[in-house]
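Let's take a walk through this model together. Keep your viewer open and your selection tool handy.

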Amino acid sequence: MTEKEAKQHNRRVREGVVTSCKMNKTIIVSVVRLLQHPKFKKIIRRQIKYAAHDEKNEAKEGNRVQIVETRPISKTKRWRLVKVIAA
């Protein structure tokens, strides 16, 4: 699924770094976003980890990947790997 198709179906797309690939067909992706503190106006980092489905076990730790929102696959997996951007 391309980014264009994802937007047609109103699916959210995230880009992050794989922090764990120890499970079978599952990766943990850490997504960092920058936001401005409402009072002090300093730029701060916020990090969230997503469990994503990796059907072919192609992503490895440290890879930059793109994930897309999908139907629930398991208790924690609601995201699917689209592509590996950089190794």
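Start by selecting Ser-20, which is buried, with a relative accessible area of 16%. Ser-20 sits in strand β1, and its bridge partner in β2 is Ile-28. Keep in mind that you are looking at a predicted model.

Now show the surroundings. Leaving out residues up to four places away in sequence, Ser-20 touches Thr-26, Ile-27, Ile-28 and Glu-61. Hold on to Glu-61; the tour comes back to it.

## Stop two: the hairpins

Colour residues 13-20 as β1 and residues 26-36 as β2: the two strands pair in the antiparallel sense over 3 bridges. They form a hairpin with 5 residues between them, and Lys-25 in the turn has a positive phi of about 65°. Further along this pair, Val-18 stands opposite Val-29 in β2.

β2 and β3 pair in the antiparallel sense over 11 bridges, and one spot to look at is Arg-33, whose bridge partner in β3 is Arg-46. This hairpin has 6 residues between its strands, with Lys-41 taking a positive phi near 65°.

## Stop three: the whole barrel

What order do the strands of the closed barrel follow? The 5 strands run β1-β2-β3-β5-β4, with mixed pairing. Neighbouring strands of this sheet are turned by 45° against each other on average, direction ignored.

## Stop four: the core

Select Val-18, Ile-27, Val-29, Val-31, Tyr-50, Ala-52, Ala-59, Val-65, Ile-67, Trp-79 and Leu-81, which make up the largest nonpolar core, 11 residues in all. β2, β3, β4 (64-69) and β5 (79-86) each supply at least two residues of this core. The largest share, 3 residues, comes from β2.

Tyr-50 lies in strand β3 and is buried, with a relative accessible area of 15%. Not counting residues up to four places away in sequence, Tyr-50 touches Arg-14, Ile-27, Ile-28, Val-29, Val-31, Ile-67 and Trp-79.

Then click Leu-81. Setting aside neighbours within four places in sequence, Leu-81 is in contact with Ile-27, His-53, Asp-54, Glu-58, Ala-59, Val-65, Gln-66 and Ile-67.

## Stop five: the charged pairs

- Arg-12 is in the loop between α1 (3-8) and β1, while Glu-69 is in strand β4, 57 residues apart. Both are partly exposed, Arg-12 with a relative accessible area of 43% and Glu-69 at 22%.
- Glu-61 lies in the loop between β3 and β4 and Lys-22 in the loop between β1 and β2, so the pair ties together parts that are 39 residues apart in sequence. Glu-61 is partly exposed at 45%, whereas Lys-22 is exposed at 70%.
- Glu-55 is partly exposed at 47%, and Lys-25 is partly exposed at 29%.

Definitions and conventions:
Residues are numbered from 1 along each chain as its sequence is written. This is a predicted model: local features need pLDDT of at least 70, side-chain atom pairs count only at pLDDT 80 or more; totals for chains, interfaces and linings use all residues. Side-chain values use heavy atoms; hydrogens and water are left out. Two strands pair if DSSP finds at least two bridges between them. Helices (H or I, at least four residues) and strands (E, at least two) are DSSP runs, numbered from the N terminus. A nonpolar core is a set of buried Ala, Val, Leu, Ile, Met, Phe, Trp, Tyr and Cys residues joined through side-chain atoms within 4.5 Å. Buried means under 20% relative accessible area, exposed over 50%, partly exposed in between (1.4 Å probe, protein chains only). Contact means heavy atoms within 4.5 Å. Axes are lines fitted to C-alpha atoms, for helices over the stretch in contact, and angles run from 0 to 180 degrees between N-to-C directions.
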